[in-house]
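Subject: Structure for your review

Dear colleague,

Please find below the structure I am handing over to you, with its sequence. My notes on what was found in it follow directly after.

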Amino acid sequence: MKRQKLFSLATVVATACLVPSLVFGATAAGDPEAWHANTPDQPGAVLVQNATIWTSGPQGKFVGDLLIRNGKVAQVGTDLSAPSGAVVIDGTGKHVTPGLIDAHSHTAIVGGVNEGTNNVTSEVRIEDVVNSETVNIYRQLAGGLTAGNLLHGSANAIGGQNCLIKMRYGEDPEDLKVEGRMQGIKFALGENPKRANWGEQDDHYPITRSGVEQLIRERFTAAKDYKERWDRWNSSKKGTAPKRDFQLEALVEILDGKRQIHCHSYRADEILMLMRIADDMGFKVDTFQHVLEGYKVADEMREHGAMGSTFSDWWAYKFEVYDAIPYNGSIMWDRGVVTTFNSDSSELARRMNLEAAKAVKYGGIPEEEALKFVTLNAAKQMRVDDIMGSLEAGKDADFVIWNGHPLSTYSICEQTWVDGRKYFDREEDLAAREALLKEREALIAKIKDKKEEGKEPTVAGADDPGYQMPEYYYDSAETSVCKCAAVSHKEEECTHIEHQKEEK
Amino acid sequence: MSRLLHRALLCALFSLIPTSLLAQGPVYTPNVHALTNVRIVTSPGRTIEQGTVVVRDGLIEAVGANVAIPDDAQVWELDSLTVYAGLIDPAMEVKLPKADDEDDLANLDHHLSVVKSQTLLATGMPFKASDREARRAVGITTARMLSNQGAFRGEAAIANLGKGDLSYNLIEGEAGQVAAFSTAKGGGYPGSLMGVVAVMRQTLHDAQWYNQAMTSFEANPRGLKRPEQNAALEALRSVASGQEELLFITDDVLDLLRAHELAAELGLSLSYIGSGEEYKRIDEVKTMASQLVLPVHFPKAPGVSGEEGKDLSVSLEKLRHWDNAPKNPTAVYDAGIEFAFTAHGLKDIGKFREKVSEAIQAGLPHDAALASCTTVPAKMLGLSEQMGRVETGMVANLVVTDGAIFDPDTKVRAVWVDGNRFEVQKIEKPEGDPRGTWDYVALAGGAEYPGTVILGGELGALTATVVAMDEEIPAEATQSGSTVSVVFSMMGGQFTLDLNINGDNADGSGSSPFGDFSLTATRVKKHSDSKPGNGGLDR
């Protein structure tokens with residue numbers, strides 16, 4: 001699973017003979033490159049003692065201990081004794097929460113978050129383009145995030161399939177994925193799929209909200225047809241089998257209750273519209289994303305069984321969101337809708353605890369319930385609440401140690417553990433910076449030496465830019481929603497913030 | 001002079017050549033050679049310190065320390081020089097003219113423009129003399145050529161890089177299907193990387209289905225509806241059924257991992273053109289690829305300036321890759337993966353040997369480097385019994401050097417392809433502006449053959465048209481110093497005109513399928529940079 005440290009920091013520094021040898025064995029914590037990062041050990045047992053533990057589970061919040069064994073939560077309680085050989089952490093004065101989960105992320109996707117060319121793209125899969133190499137994974141770990149729901153963009157009424165990952169920084173794409181769980185798909189309603197006011201769109205269909213509705217109905221009708229064709233063939237097995245159609249297969253899985261829908265939405269009318277299609281066609285909508293008018297139709301959502309993943313306090317960034325209010329989350333929650341706050345942003349995903357805190361600020365939700373907006377409820381929305389989202393015996397050992405109250409702007413994430421492995425440690429990160437700086441200095445010195453020997457001409461500049469960083473260094477969420485990225489993925493050309501607005 | 005008359009004159013001029021040979025195409029004489037008193041590296045690790053290589057009719061007839069020189073051989077005394085097997089590049093990307101407009105799709109093509117598996121590169125590719133010359137200059141005598149277009153790019157072709165047309169050089173016209181993660185150009189589907197993967201998945205499943213349907217139908221058509229024909233799916237049948245390897249071009253290490261996953265899902269057999277950053281995920285790569293083609297496009301050092309060690313304008317990632325890239329071949333070698341080098345991705349092909357030498361300096365054993373340019377690619381291409389070694393019966397593709405082939409100071413003196421000798425010329429910086437219209441006269445066998453060469457384009461990227469026998473013929477032109485070489489095809493063969501330009505006058509020499517000739521030329525019109533007028537419409 002893990003590479004040898006063939007090209008380690010130690011080699012470079014050793015050849016340059018610039019630093020004492022004790023640096024050589026240092027773990028490259030906080031390495032800006034995933035391939036260069038070590039997989040942290042998984043101790044047989046970890047005991048966090050005497051901390052304020054927010055379980056997000058039936059045990060609530062209390063001062064006590066958390067025992068981890070072999071990557072799973074073994075016990076949560078008071079006065080737990082440390083098994084022999086356990087890593088013991090003194091949690092006095094500290095707070096422990098479940099690992100935070102981002103219900104709506106576009107981090108760690110390479111080569112574009114939208115297949116925007118067709119109005120239906122249910123055949124495309126984020127799981128094919130997971131970007132294990134982005135440093136955003138590490139940065140989000142540093143804010144206590146342990147899992148993210150990587151969603152296709154909202155360019156089409158029926159978008160691509162999403163992928164749930166854990167923030168196992170350093171692992172390859174396959175090892176980031178949470179396997180063996182129900183998969184989902186992105187749908188989108190409103191402006192983004194219809195694009196009526198986006199200037200000239202010669203042959204774009206649909207261009208109205210009713211067109212979006214008809215398109216979805218038409219595709220599900222086609223999917224039913226397709227299913228029937230297979231059912232007929234399966235009962236006789238005569239002649240050539242029908243040709244597989246991956247676009248329709250994804251929709252058949254929805255009809256069969258084997259694939260969940262995460263639907264980008266804003267307005268109450270379109271939210272009701274999709275639930276009516278679902279009732280007519282016989283499927284469920286698991287989550288509405290953004291859902292800024294969810295507060296108007298919370299009862300209808302609850303009755304349908306739909307959950308809501310919204311922004312804490314974003315509004316007025318385009319016309320269809322003018323009715324947004326910051327109380328949306330608390331009202332949905334109050335009416336019994338399973339509610340989360342999400343990031344939709346690689347940057348915001350580094351401080352999801354503060355998003356949760358806004359559920360307390362706007363609507364006075366109890367603190368423990370507010371924390372669930374970024375833990376247990378997110379796990380429920382991805383149907384993984386049996387393995388993550390709370391600190392309960394048997395669940396994955398994904399947890400965060402904070403130096404204070406997790407909903408306080410003054411608190412800092414000290415450690416983030418995934419599967420019982422410490423993927424982030426603030427102290428180690430700070431300590432490793434010196435080594436990274438030395439490594440850089442050694443390499444720069446090496447270039448200068450070569451230059452003096454006349455061996456290595458340095459890059460001239462515009463006429464020869466030298467090494468072009470591979471596309472995966474630029475997370476698609478930061479580039480591909482930008483128009484400039486259609487032709488180039490150079491970070492300096494991206495007007496990131498402008499286009500992020502458009503994406504939402 | 002009328003075209004017919006001209007042709008008649010040419011025939012008269014070369015009437016000494018038997019017509020049967022004319023019909024066969026170019027004739028090269030003499031075609032028996034002995035390279036003698038030369039150091040011979042017959043294969044990596046095996047050397048004859050002083051010996052002779054006899055070449056007859058394009059093949060190596062004999063190699064050894066005590067080989068008798070045949071009476072009919074032209075003798076090349078090569079004291080203090082070394083001869084190697086010609087280098088083989090398993091990944092030469094050929095730029096095809098753009099054809100991404102879906103309106104232009106032919107009847108049996110796939111409805112998606114990125115699916116071009118029906119492309120037979122050998123039938124439609126440019127076989128540019130300048131590309132061949134650039135590779136010969138570094139000792140590359142054979143290449144597997146790959147299309148640069150589409151996600152499914154069609155059949156590769158393997159050819160020698162000698163003189164004459166493709167038909168004389170082609171070794172294998174169906175050298176395997178090629179794929180790469182390329183989106184549709186011009187805004188069509190697929191526009192994203194994940195879209196390309198989805199298209200590949202669907203297309204390969206379609207091809208599997210097509211293969212089954214066709215196989216059933218071919219076995220017993222009676223009572224079965226004839227499956228719908230599709231050239232692209234037809235071309236992918238054996239790849240989709242796992243019987244034939246698909247060659248995947250990767251741009252970064254994640255591409256390789258992704259291609260591997262797709263292949264595992266669909267039961268395909270893959271081989272890879274690597275990206276040069278396999279070292280980053282070498283443990284994964286080791287489990288995925290037993291063979292690799294590796295580029296040597298090691299980057300230049302990033303520009304650093306300012307106070308010692310404090311330059312933050314260049315990222316650590318860039319610095320590291322600069323340092324690690326030349327070690328990539330060693331990492332792949334140490335991982336036990338067999339690999340061949342390619343010049344693919346080098347901006348300047350002329351740097352190929354220099355870059356391989358960087359890999360050697362970074363730890364790669366010299367013999368492994370040589371094998372990666374000769375025996376290994378020969379094996380990959382299924383040509384082990386034809387090339388890659390200087391041994392009896394092999395094709396006479398040879399490189400003559402004045403030292404160890406990957407020593408940075410070593411010069412390539414000559415290259416032999418199919419038993420034909422090529423001087424290696426260094427391309428000099430252009431001197432003077434040769435553009436304009438030149439009337440030339442070719443002198444051969446006492447007769448004069450007039451013609452015109454029109455040189456245009458940009459300096460350093462000349463364009464050329466030759467008017468001969470009342471015909472306008474597209475040509476290639478390259479300038480080195482004050483010499484311009486013009487290459488064009490006529491009468492089923494290749495003609496070259498080398499003009500040494502001095503002001504508005506030039507002299508020089510030329511070659512044709514029928515023999516060599518001398519040249520004189522005069523510039524009758526200067527090149528004009530002005531754009532065509534608009535007929536005064538502005539006014």
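Over all chains, the structure holds 61 salt bridges, a salt bridge being a side-chain nitrogen of Lys or Arg within 4 Å of a carboxyl oxygen of Asp or Glu. Side chains of opposite charge can pair when their charged atoms come close. This is a predicted model, in which local features need pLDDT of at least 70 and side-chain atom pairs count only at pLDDT 80 or more, while totals for chains, interfaces and linings use all residues. Residues are numbered from 1 along each chain as its sequence is written, chains are lettered from A and ligands numbered from 1 in the order in which they are written, and side-chain values use heavy atoms, with hydrogens and water left out.

Individual salt bridges

In chain A, A:Glu320 pairs with A:Lys318 at 3.0 Å, N to O. Both A:Glu320 and A:Lys318 are buried; buried means under 20% relative accessible area, exposed over 50%, and partly exposed in between, with a 1.4 Å probe and protein chains only.

In chain B, B:Glu93 and B:Arg153 form a salt bridge whose closest N and O atoms are 3.2 Å apart. B:Glu93 belongs to strand S6 (residues 87-94) of chain B and B:Arg153 to strand S8 (residues 152-155) of chain B, so the pair ties together parts that are 60 residues apart in sequence. Helices (H or I, at least four residues) and strands (E, at least two) are DSSP runs, numbered from the N terminus. B:Glu93 is partly exposed, with a relative accessible area of 31%, whereas B:Arg153 counts as buried at 6% relative accessibility.

A further salt bridge joins the side chains of B:Asp504 and B:Arg523 (2.8 Å, N to O). B:Asp504 sits in the loop between strand S24 (493-502) and strand S25 (505-512) of chain B and B:Arg523 in strand S26 (residues 515-526) of chain B, so this pair ties together parts that are 19 residues apart in sequence. At 33% relative accessibility B:Asp504 is partly exposed, and B:Arg523 is buried, with a relative accessible area of 11%.

Salt bridges that share partners also join A:Lys72, A:Lys166, A:Arg168, A:Asp396, A:Asp398 and A:Asp419 into one network.

The interface of chain A and chain B

In this interface, 68 residues of chain A are in contact with 58 residues of chain B, contact meaning heavy atoms within 4.5 Å. The two chains bury about 5600 Å² between them, 59% of it on carbon and sulfur atoms; buried area is the accessible area (1.4 Å probe) that two parts lose on being put together, summed over both. The rule finds seven salt bridges across the interface. A:Arg125 forms a salt bridge with B:Glu265, the closest N and O atoms being 4.0 Å apart.

On the side of chain A that touches chain B, the elements giving two or more residues are helix H3 (173-176), helix H6 (246-255) and helix H13 (426-453) of chain A. H13(A) provides the largest share, 12 residues.

Helix H6 of chain A

H6(A) is mostly covered, with nine of its 10 residues buried. What covers the buried residues of H6(A) includes strand S8 (158-161), strand S10 (183-188), helix H5 (209-236), strand S11 (259-265) and helix H7 (268-281) of chain A, together with helix H6 (193-219) of chain B. H6(A) is followed by A:Gly257, whose phi is positive, near 70 degrees.

Chain B

Chain B has 15 helices and 26 strands, and buried residues make up 54% of its 539 residues. B:Arg144 lies in strand S7 (residues 140-147) of chain B and counts as buried at 9% relative accessibility. Leaving aside neighbours within four places in sequence, B:Arg144 is in contact with residues including B:Asp89, B:Met92, B:Ile158 and B:Leu381.

Confidence in chain B

Chain B averages a pLDDT of 88, and 88% of the residues score at least 70; pLDDT is the predictor's confidence in each residue, from 0 to 100. Over residues 1-25 of chain B the pLDDT is below 50, and this stretch has 28 contacts in the model beyond near neighbours in sequence. Over residues 530-539 of chain B the pLDDT stays under 50, and the model has zero contacts there beyond four places in sequence.

With kind regards
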